Amino acid sequence: MWWGGRGQSFNIAPQKEEPEMGLSGPKSVQGTGMPEPRSRQLGSCLASGGLPGERILAWAPGVRKGLEPEMPGTLICSNLRVTFQPCGWQRSQETPLSSEYDFSLANIGRLEAVNGPSRVQLLRPGSLLKFIPEEILIHGQDFRLLRVGFEAGGLEPQAFQVTMAIVQARAQNSLAQQYVGITLSKAGQSSDSRKPPIPLLETIEDWETERKKQAARGWRVSTVNERFDVATSLPRYFWVPNRTLDSEVRRAFGHFHQGRGPRLSWHHPGGSDLLRCGGFYTASDPNKEDIRAVESMLQAGHSDVVLVDTMDELPSLADVQLAHLRLRALCLPDSSVAEDKWLSALEGTRWLDYTRSCLRKASDISVLVTSRVRSVVLQERGDRDFNGLLSSLVQLLSAPEARTLLGFQSLVQREWVAAGHPFLTRLGGSGASEEAPVFLLFLDCVWQLLQQFPAEFEFSEFFLLALHDSVRVPDTLTFLRDTPWERGKQSGQFNNYTQVYTAGYSQPLAGSSINPQLSVWDWNLRYSNKQILQFHNPGYDPEHCPDSWLPRQQPSFMVPGPPSSVWLFSRGALTPLNQLCPWRDSPSLLAVSSRWLPRPAISSESLADQEWGLPSHWGACPLPPGLLLPGCLGPQIRLWRRCYLRGRPEVQMGLSAPTISGLQEELSHLQELLRKWTPRISPEDHSKKRNPNTILSQSC
C-alpha cells in the first residue's frame with residue numbers, strides 16, 4: 001500500500017557520500033551559514049526533476065516516524081515544497097513529483113515542533129521557533145501526516161534551520177503566483193507528438209466529438225463565448241439546441257446570474273436531457289423574444305420540463321467548509337476527543353450528513369432523468385458548485401460509461417474543470433473568504449458509491465485518493481485556477497481578455513514554462529507504473545460495457561411526459577408550475593430572488609415511488625437497467641478511513657500491526673465484497689463459486 005502514511009519497501013543502505021541535488025538556484029541557505037560543499041552533497045531526489053524556478057532553502061538528516069520500520073533519510077525544504085528523501089531512493093527523471101514524499105507548501109495545514117514530551121510549539125507563518133526541535137509534524141490539508149525526527153550528534157542546528165525555512169516558505173508562498181506547472185521536458189515527454197490523456201475540451205473539435213459520443217442530435221456546439229465575452233467562467237464552447245441562434249444565446253444568457261445560461265450537461269441515451277444554468281437575473285427586463293429564447297433553451301425540444309432547485313436541502317458553502325474543518329480536526333493524531341465519544345463527534349461534524357444529502361438528491365434527479373423523456377434543468381444561483389456535483393453524480397448513477405476510468409476523468413474535466421468550478425477559491429488558494437471543498441465532498445460521494453456498488457466501477461479507491469490529493473499539487477493548472485479563461489491565460493493560450501484565441505497547443509507565450517496540454521490526468525508525473533495499475537478496480541465486472549448497456553434509441557422504459565407540463569422539484573416533491581420564466585405575466589416577480597418558485601411541503605414518499613409506484617397519467621415504469629440507487633440510511637454512509645485517517649496509521653486497516661478487532665472488521669468487509677461480486681459469476685462457473693480461492697483469483 002502506498003497511501004496512508006506507509007511508504008513502499010526500500011533497500012536502505014548506508015551511504016558514504018550523498019549525490020548532488022541539481023536544482024536551479026542557490027544551493028545554500030542565505031544567512032544561515034550552511035557550508036556550500038555540504039549543500040552540494042544532498043540526495044538526488046530532485047536531481048533531474050526540479051520544478052521551474054525551484055531552489056533549495058534548507059535540509060537536515062532525519063528519520064521518518066510513524067512507519068514500521070522507521071525510514072532514515074533527508075528532509076528538504078524548497079521554495080515550493082517539502083520533501084523527504086529516503087536513503088537510497090532515486091527520483092525518476094520522468095516523475096518530477098512524488099506522490100509519497102512530496103508535500104507542497106500550499107498543502108501544509110498545521111506545522112508543529114516538538115522537543116521532549118512536554119514542549120510542543122504550533123508554528124504559523126511568521127512564527128519564531130523557540131527551541132531546537134527533536135521532531136516536527138507536518139499535517140496536510142489532505143489528511144496526510146509527515147513526521148520526521150532529527151538525528152543528534154551536533155546536527156541540531158540543521159533541524160532548526162530546516163524548520164524555520166518551512167515556516168518562512170509558507171509565509172511567502174502563494175498558490176496563485178508560485179505554482180505555474182511543469183514543462184513537458186521535465187516530464188520526459190515530447191510536445192510535438194503528444195496528445196492529452198483525455199480530451200481537455202479546449203477546442204471545438206473536442207466538444208463536437210463528445211456531442212457525437214452522447215448522440216445528442218438535437219444539440220450543437222455554440223461558439224458565442226469563443227472570446228470569453230459572454231462569461232469568463234464558462235468554457236469557450238458549450239452545447240445549445242440546434243434551433244437556437246448564437247445571437248439568441250448571447251441575449252438569453254444575459255438574463256442569468258454571471259451570464260451562465262441554460263446549456264446541455266448530458267444527453268441520456270433514452271432521450272432525456274440534463275441541463276444546468278445559473279439563477280434567473282430577475283432585475284433584468286427581457287423582451288418577448290428573449291423570453292421565448294430562454295423557454296426554448298430550457299425546454300430543449302421536450303414537452304415535459306422539470307426545474308430542480310439545486311440548493312434545496314443541500315448545505316451552504318459555509319456549512320461545507322465548517323464540516324470539513326471539524327472533520328480534519330477530529331482526525332488529527334492528537335485529537336482531544338475520547339475514544340468512546342469519537343463516533344458522536346464524527347456525527348457532529350455533519351460531514352456524513354452532507355454526503356448523504358447529496359447522494360439522496362442525486363438519486364431523485366436520476367429518477368427524473370431516466371423515468372421518462374423530459375428536460376431536467378439544474379438551477380443554482382452561481383451554477384459553479386452543487387450543479388456540477390449533482391450533474392456528475394447523476395451521470396455516475398445513470399450511465400455505466402461514466403463509471404469507467406476514462407469516462408470518469410472525462411466527466412470531471414467536463415463538469416468541473418471546463419464548467420468553471422472555482423477550485424482555487426474553494427480550496428483556499430486565492431485568499432478569499434469563500435473557501436468550501438465542494439469537489440472533495442463530491443469525491444466522498446463517489447467513494448460511497450464505490451463501497452455500495454464495488455463491481456460497477458472500473459476505477460478503485462486508490463484512484464480516488466490520487467485525485468483527492470491532486471487538488472493541491474503544483475504540477476498543472478487543472479485545479480489551480482478558478483475559470484477556463486484564467487487557466488488559458490496562464491498557460492499562454494492568449495494574452496488578455498479581448499484577444500482572439502490562438503487555436504491549437506503549439507503557440508504558447510514566449511518564455512512560458514507552461515504547456516497547455518499538461519493536465520492532472522498525466523499521472524506519470526507523480527505515480528509509478530506500479531501505482532497506476534492500482535487505479536483499476538479488480539472487482540469491476542467487464543460485462544458492464546457501455547456498448548451493451550442501452551441502444552442509441554428511445555428504449556421501451558422511457559415514456560413521454562404529459563403535454564406542455566412544467567414542474568418544480570423541491571424538497572423531494574414535484575409541484576406543477578404555470579410558466580418556466582419568472583418574468584412572464586408576473587411583473588411582481590422582477591423584485592424577487594432566484595428562489596422565486598413556491599415551496600411545497602416535504603414529501604413522505606421517495607421520488608422513485610412517485611415516479612414508478614403511483615398510478616397517474618404518466619403510467620408506471622420499471623426501474624431502468626444500469627441505474628444505481630444508493631442507500632442513504634445511517635450505517636450505509638461510512639467514513640472514508642483510508643483518506644481521513646491517514647495521519648493515524650494505527651487505525652489504517654492493512655497498514656499496521658493487526659489486532660483482533662481490526663482483523664474481524666477487515667474480514668467482514670471482504671465477505672461483504674464477495675457477497676456482492678459472487679452473483680455476477682456466469683452460470684458455467686457455478687461449480688467454482690464454492691471455492692473462495694477461485695473467487696479471489698478472479699477478482700485480483
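Predicted model: local features only at pLDDT ≥ 70, side-chain atom pairs only at ≥ 80, totals over all residues.

Me: How many cavities of 30 Å³ or more does the structure hold, and how much space lies in the second largest cavity?
Reply: Counting the cavities of 30 Å³ or more, the structure holds ten.

Me: Which elements give two or more residues to the lining of the second largest cavity?
Reply: The lining of this cavity comprises 16 residues, with S98, D102, R144, D469 and V473 lying nearest the centre. Domain 1 (51-186) and domain 2 (204-492 + 519-547) each supply at least three residues to the lining, which by class has four nonpolar, five polar and seven charged residues. The elements that give two or more residues are strand 4 (102-104) and helix 14 (461-470).

Me: How are helix 13 and helix 14 oriented to each other?
Reply: In the contact, F439, L440, L443, V446, W447 and L450 of helix 13 meet E461, L464, L467 and H468 of helix 14, and by class these are eight nonpolar, one polar and one charged residues. The axes of helix 13 (residues 438-452) and helix 14 lie 10 Å apart at an angle of about 175°. Because angles over 145 degrees count as such, helix 13 and helix 14 are roughly antiparallel.

Conventions. Residues numbered from 1 in each chain as written. Heavy atoms only, no water. 1 Å grid on protein atoms, 1.4 Å probe; cavity = no way out; pocket = protein on both sides within 12 Å on 5 of 7 lines; lining within 4 Å. Points joined across faces, edges and corners; volume = space filled by probe spheres on them. Helix = DSSP H or I, 4+ residues; strand = E, 2+ residues; numbered from the N terminus. Nonpolar A, V, L, I, M, F, W, Y, C, P; charged D, E, K, R; others polar. Domains from an automatic or database assignment. Axes fitted to C-alpha atoms, helices over the stretch in contact; angles between N-to-C directions. Parallel < 35°, antiparallel > 145°, perpendicular 65-115°, else oblique. Contact = heavy atoms within 4.5 Å.
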